[in-house]
Structures are given as structure tokens and as C-alpha cells.
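The following report concerns the structure shown below. Please keep the sequence and the model in view while reading.

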Amino acid sequence: MGRVTERRRTIRIRDGAVTTRPDTLVAEEPLEIRLNGKPLAITMRTPGDDFALAAGFLVSEGVIGEGSEVQSIVYCAGATADGVNTYNVVDVKLAPGVVVPDITLERNVYTTSSCGLCGKASLDAVRTTTRHPVSDAPPVRVTPALLAALPARLREAQRVFDRTGGLHAAALFSPEGELLDIREDVGRHNAVDKLVGRALTDDRLPLSQVILLVSGRASFELAQKAVMAGIPMLAAVSAPSSLAVDLATESGLTLVGFLRGQSMNVYAGDHRIALGAAVGQG
């Protein structure tokens, strides 16, 4: 099975001095996700939590919404022509009676660690109807000060990043700021899928009482994954995309971007943030 990190020889140049030394790098390997034996998607990911990643991906695609709909998730034996198990192919078998969606070329996608579902045929193909609509029952309401403290807590919990400097992270926090779960991956969308997949297998969907924090930017895909899991609030340390803001506005998701220090931008769903004084017009 692939490792989370690997060692590679590197030439290091510092202030004119040249040395040779091994460097620790984050591992990146392909994972093929099969549904009832049929290929569905390939993603470049950091090995680990592969079953959770596959389950979370199926939640975001609208294939499943409850843990009881999954009968089994296994690595495929003999994944290569010579019968070797690479631990890079997983098969998700749905429970009896669960309707299997039509896996056409339109749904058959290739995902990369940088851009996510780049192979979608159209925007409509990713506007999947969620099984867990974002709700306010009970409402989640947090202060800007609480949000401002979360990136540092996320960074402190990134164990693999400390060794490689090459991983994204996604974490779930309670409305009180408690770190509930964290996952790291070369792709931030994979990290979110791992969180959602773990919640599915633990029968914790919908995630209606959490804040999802992601390193980097907030893309449409990450907003979609939050909505599909019933998450009411998505915060990112970098910028959101215009489509992410549109989706957040349409679905009722609170979207916060540029969460750095005591500064942040609220793009949608400001009713969940205790802003205190009335917001002025700039």
C-alpha cells in the first residue's frame, strides 16, 4: 500500500553552499473508484482513508446519503493485469435495493489533485440535488473572533504538513470552536470527501452542526460538497470563486473567505455570524 510520505534525493542550495540530502515529500497516487464493479472516477490523492474518500465522493455525487446504503467497500484484488493488488482501486457495493445511477460518459469523470471534477460535461451536471438540505434547526451562530481562531487550530493539527509542506487540509469544528475531525490530502476536495465519508460511515450525516474549514480557496466543488453533506458553514483561508458564492446564496450556505488573522469576508449566509453592530455600506 502507498505511504503518506516518500523520500527523494535533492540538491540543496543555501547561501551558495551546495549539499545533497534526502527530502520528505507527500505521496501522490491515483485512486480508481468503482461502483458495484463498474469504474466511476479516478482521483489523484494521498493514500490513506481511501474508503472514506470513496464514500464521501459518492455523497457529493448524490449517489448515497446514508451509511445503510453501502453494503461494503473493498480494495480490488488483482487490480493489475498480472494480478497484483495495488491498493489504488476500491469498489463500493451498494446495499440491496439501493438504486444504482446510470454511469454514463457524462458521469464518468477524471479528477485531479488541483481542480477536482474537471471532466464534468456541464455546470448542470454538478448541481446535484442534496439529500441533506442546509437548515437552521437548530441554528448555528458564531462570532468573528471564534472564526478567526480556527485557522491556527487547523495548522496545529496538520501533522503531515509539518514534514512535507505539501498538503491541503480540511477540518470540522463545532460551533464552540472544538476540532472534531481533520484530514489532509494533496487535493483539498479529497480531504473534504474523507471527512464526509467518515461521517457517513459513523452515521453522522447530515453535518448540520459543524463549521467546515479548508486550506486554500473555496471552489464551487467544495461548496457543493458542503451542501451535499448538510454543512451550514464553509470557511476558507483564501478566495472563493463566483460560482461558489452563487451556490452558497442559492442553498443557504454561509460562505467565509480570506479568513486570515482577524480579517475575513462574508459572501453569503451572514445570519449565522454574530456581527454585533449593523454592517455599514462601503
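**Basis**

This is a predicted model, in which local features need pLDDT of at least 70, side-chain atom pairs count only at pLDDT 80 or more, and totals for chains, interfaces and linings use all residues. Residues are numbered from 1 along each chain as its sequence is written, and side-chain values use heavy atoms, with hydrogens and water left out.

**Overall make-up**

The chain contains 7 helices and 13 strands. Both kinds of element are DSSP runs numbered from the N terminus: helices are H or I with at least four residues, and strands are E with at least two. Of the 282 residues, 48% are buried; buried means under 20% relative accessible area, exposed over 50%, and partly exposed in between, with a 1.4 Å probe and protein chains only. The accessible surface of the chain is about 13100 Å², and carbon and sulfur atoms account for 52% of this surface. Accessible areas come from the Shrake-Rupley method with a 1.4 Å probe, and for residues only the protein chains shown count as cover. Contact means heavy atoms within 4.5 Å. Among contacts between residues at least 6 apart in sequence, 52% join residues at least 24 apart.

**The six-stranded sheet**

An open sheet is formed by 6 strands in the order β9-β8-β10-β11-β12-β13, with mixed pairing. Its edge strands, each pairing on one side only, are β9 (179-185) and β13 (263-268). Two strands are taken to pair if DSSP finds at least two bridges between them. On average, neighbouring strands of the sheet are turned by 20° against each other, direction ignored. Axes are lines fitted to C-alpha atoms, for helices over the stretch in contact, and angles run from 0 to 180 degrees between N-to-C directions.

Within this sheet, β10 (residues 211-214) pairs with β11 (residues 233-236) in the parallel sense over 4 bridges. Leu212 has Leu234 of β11 opposite. Helix α7 (residues 242-251) packs on the sheet and touches β12 (254-260) and β13; the direction of α7 makes about 60° with that of β13.

**The hairpin of β1 and β2**

Strand β1 (residues 5-14) and strand β2 (residues 17-26) run antiparallel and are joined by 10 bridges. Arg7 stands opposite Thr24 in β2. The two strands make a hairpin with 2 residues between them, and Asp15 in the turn has a positive phi of about 55°. Asp15 is not a glycine, and counts as exposed at 86% relative accessibility.

**Helices α5 and α6**

α5 and helix α6 (residues 220-228) pack with their axes 10 Å apart, at an angle of about 5°. They are therefore roughly parallel to each other. Angles under 35 degrees count as roughly parallel, over 145 as roughly antiparallel, 65 to 115 as roughly perpendicular and the rest as oblique. In this packing, Arg188, His189, Val192 and Asp193 of α5 meet Glu221, Leu222 and Lys225 of α6.

**Aromatic residues**

There are 2 aromatic pairs in the structure. Rings of Phe, Tyr and Trp (its six-membered ring) pair if their centres lie within 6.5 Å; planes under 30 degrees apart count as stacked, over 60 as edge-to-face and the rest as tilted.

| Pair | Centre to centre | Angle between planes | Class |
|---|---|---|---|
| Phe51 and Tyr75 | 4.9 Å | 45° | tilted |
| Tyr75 and Tyr87 | 5.1 Å | 75° | edge-to-face |

Phe51 lies in helix α1 (residues 50-60) and Tyr75 in strand β5 (residues 70-75), so their pair ties together parts that are 24 residues apart in sequence. Tyr87 is in the loop between β5 and β6 (89-94), 12 residues from Tyr75. Phe51, Tyr75 and Tyr87 form one aromatic cluster.

**Backbone exceptions**

The peptide bond between Ala137 and Pro138 is cis, with omega about -10°; Pro138 lies in the loop between α2 (123-126) and α3 (144-156). Another cis peptide bond runs from Leu205 to Pro206, with omega near 0°, and Pro206 is in the loop between α5 (188-201) and β10.

Phe258, a residue other than glycine, has a positive phi near 50°. Phe258 belongs to strand β12 and is partly exposed at 29% relative accessibility.
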